[in-house]
Amino acid sequence: MARRGTKRKRVHKPSDSSKESPLTTDMDIMLKAKQIMKRVTDNLVHTIIMHRDIISKIDQINNVSRKKATIGIFGKSGEGKSSLLSAILGKNDLLPSGCFGACTAVVTQVEANLTDSNYIAEIELFSKEEWEKEFKDLFRVLSDESEDRNGDLFEIAVEKITALYGADADKKTLEELKKDDKFTEIETFLSTNKKTISNNDVSEFTNDVASYILHSEASSGGWYWPLVKSVTYKVPDCHELLEHIVFVDIPGSGDCNKLRDDKWKSALNDLRHLLEYLKANKAFSMALKVEDCDEWKEEASQKGEKDFHFKSVEERNIGETSDHEPMVYEEDNISMDLGPNFAVVTLQDTDEVMVVASDWLSTDKKQCYWPPFKSTEKYLEAVRNNLEPSTGGKPWEILNVIFHAEYDTYEETVINQVEQRALKYGLNLYKVVTLQKSNELTVIPATWLNEEKTQCYWPPFKSPEKCTEAVKNRLEPPVMVEKPWEMLNIQVHMECATYNQAMEKQKSLKEQRERFKSPLFVLEYTLPQISPHGTKRKREALPAESPLTLGTKRKREALPAESPLTPDMIMENVRQIMKRFSKNSDQIDKGSMKKATIGIFGASGEGKSSLLSAILGKKYIVPSGCFGACTAIVTQVEANLTDSNYIAEIELFSKEEWEKELKDLFRVLSDESEDRNDDLFEIAVEKITALYGADTDTKTLEELKNDDKFAKIETFLSTNKEKSSFSKSDVSEFINDVARYIQHSESSPGEWYWPLVKSVTIKIPDCREFLEHIVLVDLPGSGDCNKTREDLWKSKLRECSSVWIVSAINRAITDSGPWGILKHCIEELGLGGECKSINFICTKTDDIDPGAYIRCSRLPSRDQISEDKDLKKECILHRNENAKVKVKEKFEKSKLKEIFSTDNQFQVCTVSSNAFFDHNLNLEPNETEIPKLQDELKSLNKSINRELVRGYVNKAKGTLLLIQSGQLDTDKKTMDMKVIELEKNLTESLKELNKYFDGIYSDLEQCLSKGVDESAKSCVASTEKLIAPKKDGRGFHKILGAFCKNNGCYWSKNWDNILDLNKTLAENLHKCIDEDFKMLFPVTGTTGKSLKEQIDKFSIIQSDPANPTLPMNNIQDFIKIKETELKASLNRDIVDMKKQIFSSIKTAIENEMASCYEEAAAVTGIGSMKIRQDMLITTVGNIKQDMFNKARMEVLKKLNNLKLHIKDALEKGLKEAIERSKSQTNEHRDVSGYIEQLEKLSDQLSD
């Protein structure tokens, strides 16, 4: 790490050659021992027969060897295994990193090359015969189009064939592929079972080996890993680390090939702890029997101890020689412009924002020297004095940093430091306000406000420059000056973290004022004035005191096309109109719609919190870890629309629910049988210790009840009564408070309340434009034995109108977690839900090693890429595009494609939250794709708001239409005839609707009857297949136990093993109604038969009146508005009720099987698995006909309930509308002008 204005010079401390240095390593001792033993052997040669036994022992000592200690390394691709090993060995980029996922099944091991300085790879391949057998098996999997096809094996087969033979090779037949040139090339390649690569250049070596252990989605063909059993790396110059150790990457099989499976299991059996190696080295050295040699004993005594070991850095004396000499600095004599003096950086290891001397930074500003002072005063003094890093005394650390800015003065730097901290922790240091006296829009520090935020201090400076300086420096009022500071009345508009942000907001508000020439939400046109006698006066400007006054008079028709009103402005304008009709305005509200729910899948650490913070435009605005920290809690984020505080609303278990849960947990803990499920046991331990403290899981329930913490938890539940909430203005305090309800810390067990929590709602201020009508819900999957939580997250899943799958880009293809959950929950998202779209979001796109990526994706090297291009950026963008293609390909092959069939229903985003905030990463904002997601949220939010405002405008218009109809004389006989006509039309329309329902009822009944017959035929076989698999059943008895305890459902923590008997039994019934259900309840679009289309065309207005001037016209328009309002409400009800209809099949089956599950769960002891299997299979066989018939009837019953609900709502609602239309209003005013204004406003909502 070079500093400005200095150069490094390696200085060697002169050694004292007169005194032999002590032996400091086992290797030194070993070499010395061998020399001694050689001399002994030479001396004994002439008496070889006499001393044959001794010479034999010496040979044994010289050739002594033992099996190397094996250190197994487990970890997903992308977790940093390659980087870790490269760092440990001190060889940068030695091991190639995966692009999106390395090969899942090749065993890779790393050991020392003890013979020369080359890098060596020994590759063990399949034989030609073994590959031919494997090849046929792969094509057997590819050709399997049955419903039983294993999706994982199919993906592996596609991956292997395309990796080896090229893109689309998986679509060929075996015979077609054999005619391909690549097939012959591979056959020739397999003529030998071994391949060795040797190179003294590490970069060339890494490139050569990559094809044997990596799989790149970026380029198909020519990747040989499918032919490889194992690869052994031999690395030079790592004698002291790996002479007796081998590192083995054990990825898990993930493969259908038994040879590979045996290989990795063999490696797994060789694992030894590192301590064994240390003991082995000690035994190895002591095997030389030093007590038999006086000279050896003398050498050993130089170490000052009996046993031998490596000397650590701490043990080595200061100045003691080693292989790595310290570097010292010598000043250059060249005069240089040193540039700025101070810098603001974030220390990556502690995440602190600090001020440092600029000279402490490395040239690339990614690292920084850090002084060894514990005292804050000494550190600050070192910064101010620009103290040079010194190697004398205590050494300075070198820390990784994120650079922010540099300044000439210390004071400027501190100001920026404070602002950076404000950005990080969501603090608002500045306010944009209007000074009411002068109506001036300006920026002030937050500290100038009074507590009520209605007044502010104002400095006594006449000079604008001095005022600006006081604001920038956040000068504290009052100050000791001759003139006191004023107190001015103000209106606060916005809060910002930095001065520059506040100035931008001020500019934006000024432009908005200029644009509209009036305060926000005030009419831009003159309302017509109505005389008390009901005649329309000439339009003129309203009086000055009116809240609707404008600066200039306009014609009513002159709504400026270039500056349309926003929905909120339209809303306020309509409110102002309706205030003129006080009696009617109280009866109209904006109405409410259920917020749109966006479900988010993703494991903890995938970047969900960072993603959301970036979308909302402020770092750390969402507490890190609130998403995905606890495996079972539903966490949702929405906007706080009431004030500027952060709010957490926590739904808790009731005291009775927790008592039942606690008993279940202790039942799991006390289970010592072979059937005990380890996952459930871990969950139970985690919950008990999180809540009550360390070792409480070792107590009995009765012992725990005597603990003080037990009483404290009981009091907590009694006090909060299933609800708890708190509010904080400071985001840091809020994060600390909410952490106990959503996070779990292993380091400090006790009083983490998440085991008591069902769900947490976090409300965030200042995000109205994103989340006013949207809620983001983290859907972690259950991972819990509590049915209440399982039902809650599944109900939330059914509410999702959109789903975001969040996965780090380097695991986007291989991570089974989110894909597994989606696969299992396909019904809740599709026919049983309302999900319209899926966004697959690949995060952390800036986390890339360009060199490694170029190798694995076979991109041009650095010298082939234009100098004006940023290498890292080029790699990021290339990987982003490739990831989009590969994720879409995986989606196309999944069952989700059957539901989300159109291109716009599945989108892939590649985002970088870091680069969105840190412009030093050289990605444009649009290249981070955060703005794309922001626009999506804004668009959805605006759409919902527009729909709500449109409903409000229509209600207001309907009210005015009734008022207007009362202004004209209406013949009572004509009115009565019209009422009779409308009532007759209502009766006829309801009859037509009833016919429609009779038709779909009959169709569904036929489909369900067919489903009952098919289910009854296949249910026993499908049950046996699920719960009594013929494959290796080791450990299955534990799974079956958990399965029975959880009402016929089991899922592993990472969702790679899912059993759901209720879903399996419901499968045929669902299949039989799927097509009809899609036609009746499509999530998007039209089918010509859907219930929504039937409701939309329902109307009791058969034709427009012959004479449009009659009051009947207004009445009919009122009826149409009421119909539209009813239809919108019913269409929302249809979505909710169709979920109940679809899920009722599985619910009915689960209810029928409940008693069997309970009885089976109670079975324990030897042979319990077989007893449980027999009980379940027998019960299914005995109750199948009755069970499936009940499920059929439940569907038809709920469909009939939906029909009755729709008919009742239409009949009741429209009869009320007819009744209101014939009632005479007390208002005697001409409101046609207002109606015209509402129509114009409504037209703007349609744009």
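Of the 1247 residues in the protein, 48% are buried (under 20% relative accessible area; exposed is over 50% and partly exposed lies in between, with a 1.4 Å probe and protein chains only). The model is predicted, with local features needing pLDDT of at least 70 and side-chain atom pairs counting only at pLDDT 80 or more, while totals for chains, interfaces and linings use all residues. Residues are numbered from 1 along each chain as its sequence is written, and side-chain values use heavy atoms, with hydrogens and water left out.

The table gives values for the whole protein.

| Item | Value |
|---|---|
| Helices | 40 helices |
| Strands | 27 strands |
| Accessible surface | about 62700 Å² |
| Carbon and sulfur share of that surface | 49% |

Helices (H or I, at least four residues) and strands (E, at least two) are DSSP runs, numbered from the N terminus. Areas come from the Shrake-Rupley method with a 1.4 Å probe; for residues, only the protein chains shown count as cover.

Helix 19 (residues 608-615) is largely enclosed by the rest of the structure, because seven of its eight residues are buried. These are K608, S609, L611, L612, S613, A614 and I615. Just after helix 19, G617 has a positive phi of about 85 degrees.

I88 lies in helix 3 (residues 81-89) and is partly exposed, at 41% relative accessible area.
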